[in-house]
Amino acid sequence: MTAVPTSGAAADPRRRRPAIGLIAGLVILGLSLLTAFLPGLVAPHDPLSFDYKAILHGPSLVHPFGTDNFGRDMLSRVIWAYRIDMQIAVFTTLFPILFGTMVGALVGFYDGIAAQIFGRIVDAVITFPFIVLVIAIVAVLGPGLGNMYIAVGMVGWVFYARLIAAEMRVQMRLDYAAAGRVLGYGDVRIIVRHLLPNAIGPVLVYWMTDMALSILLGSALGYLGLGARPPAAEWGVLIADGKNFMTTAWWMTIFPGVAIVLTGLGFSLLGDAVAELLRPRR
Amino acid sequence: MLSLRDLLNRMLQIIPTLIMIMAAVFIIVRLLPGDPASAILGDRGSAEDVARINTQLGLDQPIPVQFLYFVDRVLHGDLGTSITLGVPVAQLILERLPVTLLLTAMAALLAVVAAIPLAFLAAIRRGRGVDLTIGAFFQVGLSMPVFYTGIVFLTIFGAGLRWFPIGGYGDGLGEHLYHLFLPALTLAFSLSAVLMRNLRASIIDVLNADYVDFARSKGLAPRLVLLRHVLRNALVSTVTLFGLSVGTLVGGAVITETVFAVPGVGRLMIESIYGRDYPVVQGLAMTLAVVVSLVFLLVDIVQAMLDPRVSR
Amino acid sequence: MKRIIKASILAALFASASSTAMAVERGGILHYGRYADSIFLDPVFADSNVDIWILTNLYDTLLLPTDDGKGVRPGLASAWQLSPDSKTVTLTLRDGLFFSDGSPITAEDVKWSLDRARKPGNGLWGPDVESIDTITIADPKTIVLALKHPDPAILASLTVYNTAVVPEKILEALPGANDEEKAKVFSRHPVVSGPFMLDSWSRGTVMKLVANPHYWQKGSDGKPLPYLDGIDFEIIPDDATRILKLQAGELDGAELIPFPRVAELQADPKLDLKLFPSTRTSYITVSVRPQLSVGSPNPLSNDKVRQALNFAVDKDALVQIVTHGIGTPTSSFLSSATALHVGKGAVFPFDLAKAKTLLTEAGYPNGFATSIFVLAGSQDENTIAAALQQMWAAIGVKLDIQQVDNATRVAHYNKGDFSMRVGFWTDDTPDPSEAASYMAYYPHIQSLHTGWKNDEVDRLFTQSQSEIDPVARAAEYAQIQKIYNATAPLIFLYETPYAVALRKPVKGFNQIPLGINIFVGVSLEK
């Protein structure tokens, strides 16, 4: 704690690390995306076909990740799950980050009646336990991924809105925003060119976390039976399915878990790297 | 700093929020397919039984009329009676809410206690082994489904080491805290990961900012720089995030409470949604909204204290 | 594997019978893990398994079910007599009966309790005792039931919780506009006639029962039952946690052990895994209405289609996948533990060629698309549906799995607005009439809401309801099962025992085929 690095000493790791992190993150996510697009090329077996003679077999050469209680090949199921889980990560967060950032920026910048109303809506949505709201919405619309995207989209944006609004308020007190006004720039230009780039850092970092979290939300919904519909393979559902077998067939839960951790790691590394790149250079 | 007027203003703002939630929940629960009678009677009920019970409950009336009755009762301090359990909703909430509050508070405390020092360490040693190790550890925490982490903790610390009881709530505050430690740790595991990552990013931001260099150049002791400037400024966005997470934390409690057999409101909420126990869902949503609103208020106050620039 | 399981079923059968012969330890609290808490502890108004499976530990009935769940034995009534025309039941009350508050159980209490149970609108179980016309108290120890018509199931009905005896004076004195409101107040601090009484109850956590000091039954040591000082019912909803708590010795017993864990717990030297024979059957309910709710013709209305679907199910594989070899394919719509059950082997043995032929004859050579409701979050139901989806794909039937929550499903189901759903059945009375009336007799609930109506079955059932010749009644039931099973308004799956895990020192626990947990004879060895 005592040795705060001086600017000179810290310069090197600061420059190098984002590069390594960025590359590692991009490689992980790139491979994940590739798998998501072409699972058939990578998977050794059909993820849906039963084999009653190979029920709950441990990892072997034929089934490197073992088999599940239907005798389905776990490796193939984990691979095919990439398709669904990468979809979940992107689709559940895309609308929230775009819409939330926009609303948050406006609410943070303007102080009028509209901002007040938006603020109240944001409060109302955030105040209500998130997962309960999602469950209620999914229950109304019927389980399935499409409805999960809608449900999360309806509530998820407020997180971004609040985060960016708070950041915006901090940035607006800083000198350059005032300078922008003095120079006679329009609001849009001040928001987009000056405030947002400085305020967006935490949002991007949170976005990467959020993508990992949304995979987990998919898993929580899978646990409650409101997620991806069977027989589709999704990591969370795979883990939930393996719950009763944790002591007897660990491979049913561990391997999907590893896939979630690895993908989450990819998002985090990328998030850190992006934050680093966006950081104002001096 | 927040002035008293600001504070009152913020408190007044809670009222429209509550009204919105009240109306939304009232409508949402009634939009759910199925009805309390079906949930109570199950597969063996006949159509007449269903109609009879729904009439008894006043559910045959138009929704706006039902809403007016509901508002009227709430204004008289009556949250109604649980349809499935036959117990006053207020009594149920009084029994269950403290459990979840205690659980959430413990989880929040554990998360903060773990996140702050580790975030510092990671930020200062950015890119080194320590940073990577901390990052990897929290990455695992972030990626594990709560029900999985819960069972792993129970197996290791409960059944294996016998340090903690396996599920349940116990009698008396001491036992409550003891029983809630593992569930709180489970909840804290993912929350602290979110907080740690955000805080680490903020600290790095602040370390790069002009005023830190300025403070350093003024010759302030490094430790003082860290405490007075870095932590204070870095905490701003973390406090926001923390506030945001409280709602999520209560949501996460749903599964944690099930895994650890903790009788909190998360479990009650899910059971009541599944049981179409309208009065309980409504009462709980209201109460949780009040609690979370108060937490937000607190967050705003803390934020204003940390960052004089945010006063409004 | 299979042999071990069969052996433990047998062991479970004899366990309760033999345990009374040995010397027993007295005292101790039994900690028993349940998956969900009770809701309403009133014998008439309770309607879910979480209540009725434990109610008879609190409330005693005039007669008690035998351990195999098929017959009756004396309870509060020490003797009973049926008149030759089977229209009168005379019951003799035991001497020295007391409620848990020490007040005597009188013939008036018995009459009042039965009247409350049969009043229309009071709970779901009234039809059970619908045949009773009048109840008279001949003398303080004798109660006479005059029946509207001969009722072969009347004695069985007197073992069912809804006919349990409750204190008239106390209930009448409670506030409330009707029986149900009074029952709600009563059930919070009930005064009971059974072996245990409610001590304290924190909902969702633990329900504590203590021994009723005034209980009439005597143990093998000649002293009053129960042996235990009390029972703590601890609510642990998550299966894995419940089992972990049992393995750590924090619980003495745990119910509803998932089948994937059975073999593992059987191997645990500290545990005694019981597989109690049960009346629980699993099946797929099929709507046989000619049209679906959207207005299109319903392929499932064709008998041949349903037969084809039945033939296409590989029961042995299903039993392996879902129950890990513990279940057996059902041989009739009545479970094999239900009286008057007829059948051997699967109703429709797995035969893919036959299934294809039938489907072609029905006009669906290339199959069709249909859907099934499964309970969201239920591992068993989802596994069943996933297996069927795969098995039926072989005959071109495309099954869409729709996960819904219970209330949603019930609402659709009760309106007949569904194609298929997973279903489970457990008898609550030790007589086949309950299962037959719900499943096969249309006027009751449209044959499990399938819309299946067979006039011959309806006629046979009505006839059997007042048939007092046991041979004739058995023949009627054989015919009902033959017709029902052949036309298959259900997809028949399998039947499974109740899996309960106990610590070794726990002796004398029984769960009868009706699902009812019996703790009166439980003792804890030191």
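## A walk through chains C and A

Start by selecting C:Arg34, which stands opposite C:Ile235 in β10(C). Before moving on, note that this is a predicted model, in which local features need pLDDT of at least 70, side-chain atom pairs count only at pLDDT 80 or more, and totals for chains, interfaces and linings use all residues. Residues are numbered from 1 along each chain as its sequence is written, while chains are lettered from A and ligands numbered from 1 in the order in which they are written.

**Stop 1: a sheet in chain C**

Colour residues 29-34 and 230-235 of chain C: these are strands β1 and β10, paired in the parallel sense over six bridges. Strands here are DSSP runs (E, at least two residues), as helices are (H or I, at least four), numbered from the N terminus; two strands pair if DSSP finds at least two bridges between them.

Moving on to β8(C), you will find an antiparallel pairing with β9(C) over six bridges, where C:Trp201 has C:Met207 in β9(C) as its bridge partner.

Now show the whole open sheet: seven strands of chain C in the order β8-β9-β10-β1-β11-β19-β12, with mixed pairing. At the edges stand β8 (196-202) and β12 (271-276) of chain C, each with a single partner strand, so one side of each has no neighbour in the sheet.

**Stop 2**

**Stop 3: two helices in chain A**

Finally, select residues 74-109 and 145-172 of chain A. These are helices α3 and α6, which pack at an angle of about 40 degrees with their axes 6 Å apart. Axes are lines fitted to C-alpha atoms, for helices over the stretch in contact, and angles run from 0 to 180 degrees between N-to-C directions. α3(A) and α6(A) are therefore oblique to each other (under 35 degrees counts as roughly parallel, over 145 as roughly antiparallel, 65 to 115 as roughly perpendicular and the rest as oblique).
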